[in-house]
Amino acid sequence: METAAAPRVQALADAGVPHLPAQYIQPPDLRADPSNRPPAASLSIPVVDLSAAATTTDIVRRACAEWGAFHVVNHSVPPGLLDAMRAAGLAFFRAPMAEKLRFGCDPARGAAAEGYGSRMLANDDSVLDWRDYFDHHTLPESRRDPARWPDFVPGYRDTVVKYSNSMKDLAQRLLSIISESLNLPPSYLQEAVGEAYQNITVSYYSPCPQPDLALGLQSHSDFGAITLLIQDDVGGLEVLKDGMWIPVPPVPDAILIILSDQTEIMTNGRYKSAVHRAVVNAEHARLSVATFYDPSKSQKICTAPQLVSKDHPRKYRDVIYGDYVSSWYSKGPEGKRNITPS
């Protein structure tokens, strides 16, 4: 939850603070440890070519089972739209602070309030991420209010609407492929999610004076159904695999797909949500755009009965999605501790 006293990371960075403020210092066991990474290029996130229909389902199956994340290319989203979305976000964060603060989060609206902020969790004593963000509520369209989005960046609002619609189409296409990869009806996961709620979050990671002590985004898994992410060319995203943090460098014109907790529940753990984090550096700012495709707060999420058997007993309890979200925001992420086993 954003609070009136919460600092903007960008303001600290622009002021040239020589040392990391105490509230951003991660415990030693959670800091990025270069020794806990594999040799360069020894492991990399799979890339799925959506134009190769004959092999797409098999590659997605392996990627979901082994990684919980994969890049997609030839996804039919125009590269120019990806560039425009990144450029709009960058223009916002490069604007004067007074302009950005006009669109600040309203603390009265609760956790994940729409707008410009720096703190999402309700715990005032939690370690803070070295990150600022702008969160847009984009779907269903009844939640979409472009008047809450920046008006001083030319074309910003139109770009977000176009991007939202394209990400909705791609998310539905991917859920269909993921369903088929489990021998479920193509519409299964989309119907299980129900009416989709979409948020688009632009994150800005300023240069950090002591990057070895901080994280841009703490280790977590996303709590919804599926996340679609684009980033700039700086790099900093990492995915946890087999106990090691694997860097996820950007792939030109690709979109990174991250499975989230409700998909793990629906698939009975056949596919795991991906634990990931963002590291920071001292020289370069970094920008990413994450599109969260999630159930409504009232939706009941259940394991697909087709995926439960004697050999694969049910692993998770049913959950009302809104209760799950409340737990996440009150307890914090810390990996995937919010998933409740059956």
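In these exercises, contact means heavy atoms within 4.5 Å, and helices (H or I, at least four residues) and strands (E, at least two) are DSSP runs, numbered from the N terminus. The model is predicted, so that local features need pLDDT of at least 70 and side-chain atom pairs count only at pLDDT 80 or more, while totals for chains, interfaces and linings use all residues. Residues are numbered from 1 along each chain as its sequence is written, and side-chain values use heavy atoms, with hydrogens and water left out.

**Exercise 1.** Describe how helix H2 and helix H5 pack, and name the residues that meet.

Solution. Begin with the axes, which are lines fitted to C-alpha atoms, for helices over the stretch in contact, with angles running from 0 to 180 degrees between N-to-C directions. Helix H2 (residues 53-66) and helix H5 (residues 156-181) have axes 9 Å apart, and they pack at an angle of about 85 degrees. This makes H2 roughly perpendicular to H5, a term that covers 65 to 115 degrees. Next, look at the residues: Thr56, Thr57, Val60, Arg61 and Cys64 of H2 meet Ile177, Ile178, Glu180 and Ser181 of H5. Sorted by class, the contact of H2 with H5 holds four nonpolar, three polar and two charged residues; here Ala, Val, Leu, Ile, Met, Phe, Trp, Tyr, Cys and Pro count as nonpolar, Asp, Glu, Lys and Arg as charged, and the others, Gly among them, as polar.

**Exercise 2.** Work out the strand order of the open sheet of four strands, and explain why S6 and S9 stand at the edges.

Solution. Two strands pair if DSSP finds at least two bridges between them. The order in this open sheet is S6-S11-S8-S9, and the pairing is antiparallel. Strand S6 (217-220) and strand S9 (244-247) each have a single partner strand, so one side of each is left without a neighbour in the sheet. From one strand to the next, the twist averages 25 degrees.

**Exercise 3.** Find where Ser76 and Asn183 lie, and decide whether each is buried or exposed.

Solution. Ser76 is placed in the loop between strand S2 (69-73) and helix H3 (79-93), and has a positive phi of about 75 degrees although it is not a glycine. With a relative accessible area of 65%, Ser76 is exposed, where buried means under 20%, exposed over 50% and partly exposed in between (1.4 Å probe, protein chains only). Asn183, in the loop between H5 and helix H6 (188-193), has a positive phi of about 60 degrees, and is exposed at 71% relative accessible area.

Notes. Parallel < 35°, antiparallel > 145°, perpendicular 65-115°, else oblique.
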